[in-house]
Amino acid sequence: MAAPLELSCWGGGWGLPSVHSESLVVMAYAKFSGAPLKVNVIDNTWRGSRGDVPILTTEDNIVSQPAKILNFLRKQKYNADYELSARQGADTLAYIALLEEKLLPAVLHTFWVENDNYFTVTKPWFASRIPFPLSLILPGRMSKGALNRILLTRGEPPLYHLQEVEAQIYRDAKECLNLLSHRLGTSQFFFGDMPSTLDAYVFGFLAPLYKVRFPKVQLQEHLKQLSNLCRFCDDILNSYFRHSLGAFSCVNRNQQQTDFGEASLLLDKKRSMPICRNSPSL
Amino acid sequence: MSLVAEAFVSQIAAAEPWPENATLYQQLKGEQILLSDNAASLAVQAFLQMCNLPIKVVCRANAEYMSPSGKVPFIHVGNQVVSELGPIVQFVKAKGHSLSDGLDEVQKAEMKAYMELVNNMLLTAELYLQWCDEATVGEITHARYGSPYPWPLNHILAYQKQWEVRRKMKAIGWGKKTLDQVLEDVDQCCQALSQRLGTQPYFFNKQPTELDALVFGHLYTILTTQLTSDELSEKVKNYSNLLAFCRRIEQHYFEDRGKVLKKHSRWYF
């Protein structure tokens, strides 16, 4: 039997097993390749540094970053790309690069930089899942990290205006979504009938964008017009994540499964404290 | 550029044909230009050669500062200045020349994806090697980058640029990578390119596209630039179809038209 594999990641909401793109990529890949992953949601725990989430822990290894985790799983013989040709493997790398360069900046912007979205949705969600006093510091730091990444890779003042950069990244993201939609066409997955690494990455990036309810929704609206991409996300959620959705959904917190271990104990403690979830003084 | 400005520029671009006196600006070839900038400049030159558009290459020490986006190369056409391969391809398209019109939507998606792969992996690896690997920085980069300027400006500018590049590496998660991991990424990227190219002459069979220009720019520069060690070029040399690809483009689009790319070209066949 394989050594127990534990994944630490952010929890879920809005019908998703996780709201964090990178965590979702790893969870999807594990489902596709049949890796027995024990998911430890780090909400409301003091567990380790959150900067590196998702983190895979085995008996003797600690692996962070999705690309490295996927490599590690492949070495453990959990390979979702077994049936792909060499050329399809090359295409996978190329499309993942496309996602990271063109789509990721706009996704980061929608979640962490756009003020309406950040202050009404993202910050309260994360702050309510991080113990005090980290809840005061960490969301702000994640937001600054996101803005930093966008500016450093796309251009910062004085050579560029912030509005120009924003307009450009949304344009690139919409083009990227169109390209993905063309490439997917009418097939169920990107390479035929079995899901592979590329499907995991696309699902990880698109699903939060598709499902999370935001006030400012221009990218989401664009995604919803591409019906094959929406169908792709829904299919994966229904086929691979139906059983665990009850455990992960923030609405069903009371029915959380016991394999969350310490997390549930701390949750119970927290629920008895009169902290308002959407308090602006967080 | 905002949508309105872009539409405006496109309209002006479309109004005039390509002039004879178009110029491309880059840093000084012999003493100043670095690996990544040379690759970018060569990619643009290859693209313009493939479109049959005449271009004159001018070397200036302050090319980086003249550029509207801070990156080289940039072209000066008529009374417009456009920098970087992406916007240059759009600009040339507005003037009615395009290499990728014959591709269908799925192929265009693939082409864009592979161009991003080159930018994401090869270009970032080149920047890492130039600015984050201590041996290369000390021996080559600092000296070259500041060479046109007097002391102490040469040191200050070099350190400033190094700090900027390191910030960027950290933001995209390459800050903690070791040189071996970076070389492995380069190998993966070359493997993907080699598999995609296969036995075809160009990436989309008979006709070259901007992807071919970009790949040529980077691979040719890696193969013919002397660094502190040969590890980077060794990774590329493992793939014979990529070597043949570079040789083919060099011959067809540069030597046959009387343009000498490098005076003392080092080829390892």
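A: What follows treats the contact between the chains, and then a few local features within them. This is a predicted model, in which local features need pLDDT of at least 70 and side-chain atom pairs count only at pLDDT 80 or more, while totals for chains, interfaces and linings use all residues. Residues are numbered from 1 along each chain as its sequence is written, chains are lettered from A and ligands numbered from 1 in the order in which they are written, and side-chain values use heavy atoms, with hydrogens and water left out.

Contact (heavy atoms within 4.5 Å) joins 29 residues of chain B to 28 residues of chain A. Between them the two chains bury about 2,600 Å², with 56% of that on carbon and sulfur atoms; buried area is the accessible area (1.4 Å probe) that two parts lose on being put together, summed over both.

The count of salt bridges between chain B and chain A is 3, a salt bridge being a side-chain nitrogen of Lys or Arg within 4 Å of a carboxyl oxygen of Asp or Glu. Glu116(B) forms a salt bridge with Lys102(A), and the closest N and O atoms of this pair are 3.6 Å apart.

On the side of chain B that touches chain A, the elements giving two or more residues are helix 1 (3–15), helix 5 (105–131), helix 7 (153–171) and helix 8 (179–197) of chain B; helices (H or I, at least four residues) and strands (E, at least two) are DSSP runs, numbered from the N terminus. Helix 5 of chain B provides the largest share of that side, 11 residues. By class, the side of chain B that touches chain A has 12 nonpolar, 8 polar and 9 charged residues, where Ala, Val, Leu, Ile, Met, Phe, Trp, Tyr, Cys and Pro count as nonpolar, Asp, Glu, Lys and Arg as charged, and the others, Gly among them, as polar.

Turning to local features, the peptide bond from Trp151(B) to Pro152(B) is cis, with omega near 0 degrees, and Pro152(B) sits in the loop between helix 6 (134–145) and helix 7 of chain B.
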